Amino acid sequence: MSLIKSGRLSVLGASLYYEVRGSGPLLLLIAGGGGGGSGDWNGFVNNLSGSYTVVTYDRRGALNSPLDQPVEAIPLQTHTDDASLLLTALTQEPAYIFGTSAGALIGLDLVSRYPQLVRKLLAHEPPAHYLLEGDNDNPEAVLETFKREGGLAALRQYAGVAGLNFERREAGVELPEVSPMGAANAEALFKYTFLAVRNYRLDFEALKRVANRIVLARGSAGSEGAGYRGALAIAQRLGTEAVEFPSNHNGYLTHPRAFATKLCEVLATPA
């Protein structure tokens, strides 16, 4: 499905770049990683746009969403406020939300603080590290690697902890070569997102009030990853189950057809 439109939304301290594809109810995708989330997500959006008006965007500080002034940190709640403003600008109806990794935590914060904007949230592998037993991934070492060698080196070091694996893919699915934009996204991950995720705490009292609108998701592989275990821990706190999705932490990229099919199925299921 070709791009319908692209645009920019001015928010306090930044300019958010977004893209719109497809038709139907609005579905906002909130990226993980450094927040570079515009584009077709390796074909994932194309497999959703027959059923939904899919909105993708770059979070502030990532790729095409520059900051007005340099900052030392971006709290996760600021990304939530940005997402709420983007939804308000694009629709007058509650929207479907898919968030993955850090984007899943943003989605959970969104539904807890702006419940009137969310019809249903699919939170895929949110890395709520503080809920996990035996969380020994040593974030300081990863940040030291980032300072010495840059974002791509730090990402290679952190991939196992995050549950990233690109080796198994759907037939015909190719992954793009690492580009300057991919390198910039890795930089944004460790410059802004990594500690924002570490410092964030979920409001479980607020989440319990809207639990019927929340679906936690875990991958079918990579059970040692922080996101997989985070999905299970949050689901347990909310008294629900984490639904199994294809592949692992990056399954929407390696298995875009199967992942989109499962997402459409879950979003269409009544609460």
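Residues are numbered from 1 along each chain as its sequence is written. In this predicted model, local features need pLDDT of at least 70 and side-chain atom pairs count only at pLDDT 80 or more, while totals for chains, interfaces and linings use all residues, and side-chain values use heavy atoms, with hydrogens and water left out.

**The sheet**

Strand S5 (residues 95–100) runs parallel to strand S6 (residues 118–124), joined by 6 bridges. Strands are DSSP runs of E with at least two residues, and helices are runs of H or I with at least four, numbered from the N terminus; two strands pair if DSSP finds at least two bridges between them. The open sheet has 8 strands with mixed pairing, in the order S1-S2-S4-S3-S5-S6-S7-S8. Strand S1 (3–11) and strand S8 (243–245) are at the edges, each with a single partner strand, so one side of each has no neighbour in the sheet.

**The rings**

There are 15 aromatic pairs here: rings of Phe, Tyr and Trp (its six-membered ring) with centres within 6.5 Å, called stacked with planes under 30 degrees apart, edge-to-face over 60 and tilted for the rest. Phe146 and Phe190 make a tilted pair, 5.9 Å centre to centre with 35° between the planes.

Two arginines lie over ring faces, as tabulated below. The cut-offs are NZ of Lys or CZ of Arg within 6 Å of the ring centre and within 35 degrees of the ring normal.

| Charge | Ring | Distance from ring centre |
|---|---|---|
| Arg201 | Tyr130 | 4.2 Å |
| Arg237 | Phe204 | 5.0 Å |
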